[in-house]
Structure formats: structure tokens, C-alpha cells
Amino acid sequence: AKRAGGRQYAFFEPHMSTNAHEQLSLQTELRQALERGELVLHYQPKIDCRRRELAGVEALVRWNHPVRGTLGPSTFIPVAERFGLIGQLGQWVIEEACRQMKDWARVGMPMRVAINLSAQQLHEADLVERIDAALRRHGVAASQLLCEITETVTMEDVNTTQEVFGRLARIGVFIAIDDFGTGYSSLSYLRRLPARQLKIDRSFISDLETSADARAVVDAVVRLAHALGLRVVAEGVETAGQRDILVGMNCDELQGYFFARPMPADQLVAWSRRRPSL
Ligand code: C2E
Ligand code: CA
Ligand code: CA
Ligand code: CA
């Protein structure tokens, strides 16, 4: 019976049907959204600890859905990855981030922008060329762009990672290893990657004030990263206590709700002009 059911059988599994239908309809809508321009980038400040000023921003994609309201990436990035839309979505992010960087430079507020790259994008043969082309098209210096790639993804396919990172570094784009601490990459592996930044995963930061273990891990990661010539960024900083601990540990940059939530581009200009005490 199972064999005869084939693909349809799986489709009628009660616990799957809603999810499958939901994903299918989201997929159709996401295709339209890309055409209709319903996606937007929000930007979250990264704070330079030593200079106590804005070090740059991370671009985080949002979907202004006509019916469902604003959707976060966790609802639609997996759909995009599963249905082959991540290439188009990723290209839109690259293009939009470069356009925005040009815009900020024009109003006298040049900004280093980080974009997130998914595993599938790393396997696109022309990824680096397209990033290079977008930078040129908008007249933005490559060193202003940072690509964030999760530690787990960098370990999935070591050869591809090394090759793509090498090519990104050669055109002058900076690389950050995201969500660091959730994978188990080795010291020798990290040394071989031309990355500039290590972003410590939020799970360690949220435990800083209550867990001596979390403090020991973060402290060790900061020292390790510095020994390898990398800047360390802590993500998900939500309290003054966490900030103080991280500054004490010599962390280079902080990012999190304590400073600012991700916001639309126009609000960022106002936010940075207010020059909040950091
Ligand atoms: P991520 O790269 O680790 O981004 C950080 C996430 O943590 C963001 O969630 C951000 O809004 C959130 N966050 C920042 N500060 C705090 C804090 O203090 N507390 C808490 N609880 N959360 C904080 P968001 O925007 O929902 O993005 C989720 C994930 O979606 C990102 O994780 C990233 O992996 C992915 N993503 C976002 N934009 C893109 C994109 O353009 N392309 C791709 N491929 N993935 C993206
Ligand atoms: Ca990120
Ligand atoms: Ca992260
Ligand atoms: Ca994450």
C-alpha cells in the first residue's frame, strides 16, 4: 500500500498536509513578492566598543506581506531554500544592500553593511562575480561590504568554502563567520579561512550573566579570535550587564536589542544622528 501511494501518499499524511500546503502557497506568493517588490531590508547597528560608535549594520530581510503583515526570515528563507528561490532572493539582497550603501554614502553617512549568505548561494558558480558587479554598478568599495556565513555552513563543504572565501577576499569583500560556537570547527581550519570577523552566537551571550561556563567559552573565543587576527562581534546583546562583561573581555563589536532593533534604512539615519550614548 505504501509503495502504491507514492508521492501522493506522503501528501495526505495528516501531520504533513497543512505544512506542505502552507509551504506551497508561500512559495507561490514569494515568487510574486520578489516580482512585486514586497521584500525589504532592515538594518541593525553594530557598535564599535573601543570607539563607542557605529561600526556598521547587518542587513536582515523582511517580507511586507499584503495580508499577513511583516514576516521574518525564519518563515520564508527555508521556503526559498527548498523551492529554489534563494538564488533570486539572495541576488535581490546583494543588489538592494549595494543600492542602499550608495544612498547612505550620498547623504554623507558611509556605512559598512553585512549581508547573510545561505549555503546554496556559496555553490552558485557566479556568486562572487555578481557581488563584484553589484558593487561596481553602484560605485561602492568592496571593503564596505561584509558577507556573514554561519560556522555550520562553512564546515559543510570545506573545499567550496575555502575557494569562495578566497575569491571574495581577493575582490576585497570582508567575511564574517556567523553563529560561532554552534559548530565544532578546529583551530587549524579557522586559520585557513580568510575571515575578518567571528560573530559569537546569541546563545552564549544570553547566558553570560548567569553561567560561568558561558563566560569561560566567550572569554576563550575572544582570545582565540584575537590570536588569529580576527575581530570579535557579540550578537544578541540585550542587557547592560552583558555589555559590561563583553567590553571587559575585550570584545570588538556588540550588536543586539540593548542598542537597537533592526530598523528601516531611513530610521537608521535618524538613530545615528541622535548619537545615543553607547
Ligand atoms: P542571524 O544572521 O543570526 O541574525 C540575527 C538575528 O537575531 C536576527 O533575526 C535579529 O533580528 C535577531 N536579533 C538581533 N539582536 C537580537 C537580540 O538582542 N535578541 C534577540 N532575541 N534577537 C536578536 P531575524 O532578522 O529574524 O533573522 C533570522 C535569521 O534569518 C538570521 O540570523 C539569518 O540567518 C537569516 N537571514 C536574515 N536575513 C537574511 C538574508 O538576507 N539572507 C539569508 N540567506 N538569510 C537571512
Ligand atoms: Ca548574520
Ligand atoms: Ca548570527
Ligand atoms: Ca542565527
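Is asparagine 116 buried, exposed or partly exposed? In this predicted model, asparagine 116 is partly exposed, its relative accessible area being 30%.

**Figure 1. Four residues coordinate the calcium ion (ligand 2).** The donors are Glu58 (OE), Asn116 (OD1), Glu148 (OE) and Asp178 (OD), at 2.2 to 2.3 Å. Along the chain, these donors follow the spacing E-x57-N-x31-E-x29-D. Asparagine 116 belongs to strand β4 (residues 113-116) and glutamate 148 to strand β5 (residues 145-150), so the pair ties together parts that are 32 residues apart in sequence. Glutamate 148 counts as buried, at 1% relative accessibility.

**Figure 2. Aspartate 178 coordinates two calcium ions, ligand 2 and ligand 3.** The distance between the calcium ion (ligand 2) and the calcium ion (ligand 3) is 3.8 Å.

**Figure 3. A salt bridge joins aspartate 48 to arginine 231.** The closest N and O atoms of this pair are 3.2 Å apart. Distant parts of the chain are linked here: aspartate 48 lies in strand β1 (residues 39-48) and arginine 231 in strand β8 (residues 231-234), 183 residues apart. Aspartate 48 is buried, with a relative accessible area of 6%, whereas arginine 231 is partly exposed at 30%. The search of the whole structure finds 22 salt bridges.

**Figure 4. Arginine 50 forms a salt bridge with aspartate 252.** Their closest N and O atoms are 3.1 Å apart. Arginine 50 is in the loop between β1 and β2 (53-65), and aspartate 252 is in the loop between α12 (240-248) and β9 (253-254); the two residues are 202 residues apart. Arginine 50 counts as exposed, at 55% relative accessibility, while aspartate 252 counts as buried, at 6%.

**Figure 5. Arginine 243 and aspartate 244 meet in a salt bridge.** The N to O distance between these side chains is 3.1 Å. Arginine 243 is buried, with a relative accessible area of 19%; aspartate 244 is partly exposed, with 46%. Elsewhere, Asp48, Arg51, Glu53, Arg231 and Glu253 are joined into one network by salt bridges that share partners.

Figure 6. A disulfide is a covalent bond between the sulfur atoms of two cysteines. The closest cysteine sulfur to that of cysteine 49 belongs to cysteine 251, at 5.4 Å, and is therefore too far for a bond. For cysteine 98, the closest is in cysteine 147, at 9.2 Å, also too far for a bond. Cysteine 49 is buried at 13% relative accessibility, and cysteine 98 is buried at 0%.

Conventions. Residues numbered from 1 in each chain as written. Chains lettered and ligands numbered in written order. Predicted model: local features only at pLDDT ≥ 70, side-chain atom pairs only at ≥ 80, totals over all residues. Heavy atoms only, no water. Disulfide = S-S within 2.5 Å. Buried < 20%, exposed > 50% of the residue type's maximum accessible area, 1.4 Å probe, protein only. Donors = N, O, S within 2.8 Å, 3.2 Å for Na, K, Ca; no water. Helix = DSSP H or I, 4+ residues; strand = E, 2+ residues; numbered from the N terminus. Salt bridge = Lys/Arg side-chain N within 4 Å of Asp/Glu carboxyl O.
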